[in-house]
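Subject: Structure for you to look at

Hello,

Here is the structure I said I would pass on. Please open it first, then read the notes below it.

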Amino acid sequence: MAKRRRLLILLGPTAVGKTDQSLSYARRYDSPIISCDSRQLYREMSIGTAVPPEALRAEIPHYFIRDHSIFEPYTAGKYEVEALALLERLFNEGHETLVMAGGSGFYIDALCKGLDDFPSADPELRAMLMRRLGEEGVESLRMELKSLDPVSYAALDIANGQRVVRALEVCLMTGRPFSSFKTGSHKARPFEIEKIGFTRPRAELYARIDARVLKMVEDGLMEEVRRLYPHRALPALQTVGYKELFPVLEGEYGLERGVELVQRNTRHYAKRQLSWWARDKDIRWEML
RNA sequence: GGUGCGUUGGCCGAGUGGUUAGGCAUUGGUCUGCAAAACCAAGUACAGCGGUUCGAUUCCUCUACGCACCU
């Protein structure tokens with residue numbers, strides 16, 4: 001009889017305390033921790049992304065923590081493929097329950113439900129469209145999308161340049177409308193999925209965020225930022241905790257202001273995470 | 001005690017005799033390969049009393065508070 005395979009996903013807004021929770025769940029199920037965090041997976045960043053401490057990673061194997069490079073832009077699509085393969089391997093090694101922990105809602109959904117078979121971006125085309133976005137503005141790209149794919153045009157966030165570019169690039173690459181790739185169906189997964197969401201009262205969460213940012217600075221965040229400064233234009237560094245601190249190095253404003261901005265943007269981020277999960281009825285919420 | 005200036009939503013800050021500046025914060029939301037990204041939306045404030053006026057946040061009186069200067 002086949003063993004019951006279960007993926008336990010621990011999710012929640014940044015700074016809620018997922019790391020501590022994942023530790024106890026991993027111990028309970030004798031599972032490694034599979035991270036689902038779009039920034040902690042870059043090896044060049046660690047303080048600003050609040051990766052789990054060294055000691056913890058020595059005790060329990062972690063995956064998708066600092067095992068990719070900022071020089072190879074990562075995407076939710078890659079995560080779906082790689083994480084699925086990893087899970088398959090780990091289940092085959094005998095695990096019945098695997099613990100996943102993370103805060104990237106889009107990545108979690110990609111893994112659980114799957115993305116449709118869109119082509120991935122062609123870097124040159126993407127760059128060209130982004131340049132046009134900058135030079136001509138969204139309006140011009142929107143008009144082009146309207147003629148190539150009226151369905152997407154109607155459905156898309158009309159002002160969201162990034163989305164318009166994505167839709168347009170798929171149309172141009174394939175000769176088919178972007179919308180024609182969307183099936184609206186979920187892929188089947190060869191394991192059960194259980195989601196536990198951790199949350200806290202808003203004020204408490206915000207206070208934790210503010211304190212954690214201060215702690216990061218104490219721990220040498222500015223050194224990390226300085227080291228990454230030459231790469232500040234990379235997509236991976238368009239990240240809270242870094243993008244606000246590069247201007248400090250340039251003397252645009254002081255460290256104090258930089259810290260305030262990181263705190264603020266982290267709060268915004270936490271709110272967006274909560275908003276993403278608000279409509280996911282499969283999550284069992286737990287107040288910490 | 002006197003004179004002058006000021007008092008705008010959580011904060012900053014413009015402005016007007018009659019379609020509610022704006023920014024930040026806050027709150028809500030969107031999301032199919034950059035997602036810690038990108039984007040959308042919401043709140044109806046003019047210190048208080050009275051007056052002038054068809055109508056006052058805007059003009060006038062007084063009161064309170066703040067600042068400055070004078071005796």
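Two residues are in contact if their C-beta atoms, placed from the backbone, lie within 7 Å. By that definition, among contacts in chain A between residues at least 6 apart in sequence, 76% join residues at least 24 apart. Please keep in mind that this is a predicted model.

Overall build

Chain A has 12 helices and six strands. The radius of gyration of chain A is 20 Å, close to the 19 Å that the globule rule gives for 288 residues, so chain A is as compact as a globular protein of that length. Along the principal axes, the C-alpha atoms of chain A fill a box of roughly 60 × 55 × 35 Å. Of the 288 residues, 31% count as buried.

The chain is divided into domain 1 (6-116 + 189-199 + 278-287), domain 2 (123-181) and domain 3 (202-276). Between the centres of domain 2 and domain 3, taken over C-alpha atoms, there are 31 Å.

In soluble globular proteins, nonpolar side chains tend to be buried together. Here the largest nonpolar core has 46 residues, and Leu 10, Ile 34, Cys 36, Val 99 and Met 100 touch the most other members. At least two residues of this core come from each of β1 (6-11), β2 (33-35), α3, β4 (97-102), α4 (105-113), α9 (202-218), α10 (221-228) and α12. The most come from β1, which gives five residues. Both domain 1 and domain 3 give residues to this core, so it lies between them.

Not counting residues up to four places away in sequence, Leu 10 touches Lys 18, Gln 21, Ser 22, Tyr 25, Val 99, Met 100, Ala 101, Ile 196 and Phe 198.

Val 164 is found in helix α8. Is Val 164 buried or exposed? Val 164 has 25 C-beta neighbours inside 10 Å and counts as buried, because the cut-off for a buried residue is 20 or more. Leaving aside residues up to four places away in sequence, Val 164 touches Val 138, Leu 141, Arg 142, Leu 145 and Leu 156. Val 164 and Leu 145 are 19 residues apart in sequence, and their C-alpha atoms are 7.4 Å apart in space.

Helix α4

Which residues of α4 are buried? They are Gly 105, Tyr 107, Ile 108, Ala 110 and Leu 111. The buried residues of α4 pack against β1, α3, β4 and α12. After α4 comes Gly 114, with a positive phi near 85°.

Backbone angles and the start of the chain

Most residues other than glycine have a negative phi, and most peptide bonds are trans. Asp 30 is not a glycine, yet has a positive phi of about 50°. Asp 30 is in the loop between α1 (18-29) and β2. With 12 other C-beta atoms within 10 Å, Asp 30 is exposed, because 12 or fewer is the cut-off for an exposed residue.

Phe 64, also a residue other than glycine, has a positive phi near 60°. Phe 64 lies in the loop between β3 (62-63) and α3. Phe 64 has 24 C-beta neighbours inside 10 Å and counts as buried.

Arg 4 is in the segment before β1. Arg 4 has 9 other C-beta atoms within 10 Å and is exposed. Arg 4 and Thr 97 are 93 residues apart in sequence, but 8.3 Å apart in space from C-alpha to C-alpha.

The RNA side

There are 49 residues around RNA strand B, and Ser 38, Arg 39, Gly 77, Phe 106 and Leu 115 come nearest. The residues of this surface divide into 16 nonpolar, 19 polar and 14 charged. α3 (76-92), α8 (161-174) and α12 (255-277) each supply at least two residues of the surface near RNA strand B. Which helix gives the most? The answer is α12, with nine residues.

Regards

Definitions and conventions. Residues numbered from 1 in each chain as written. Chains lettered and ligands numbered in written order. Predicted model: local features only at pLDDT ≥ 70, side-chain atom pairs only at ≥ 80, totals over all residues. Near = placed C-beta within 6 Å. Helix = DSSP H or I, 4+ residues; strand = E, 2+ residues; numbered from the N terminus. Nonpolar A, V, L, I, M, F, W, Y, C, P; charged D, E, K, R; others polar. Domains from an automatic or database assignment. Rg over C-alpha atoms; globule rule 2.2 N^0.38 Å. Core = buried A, V, L, I, M, F, W, Y, C linked by C-beta atoms within 7 Å.
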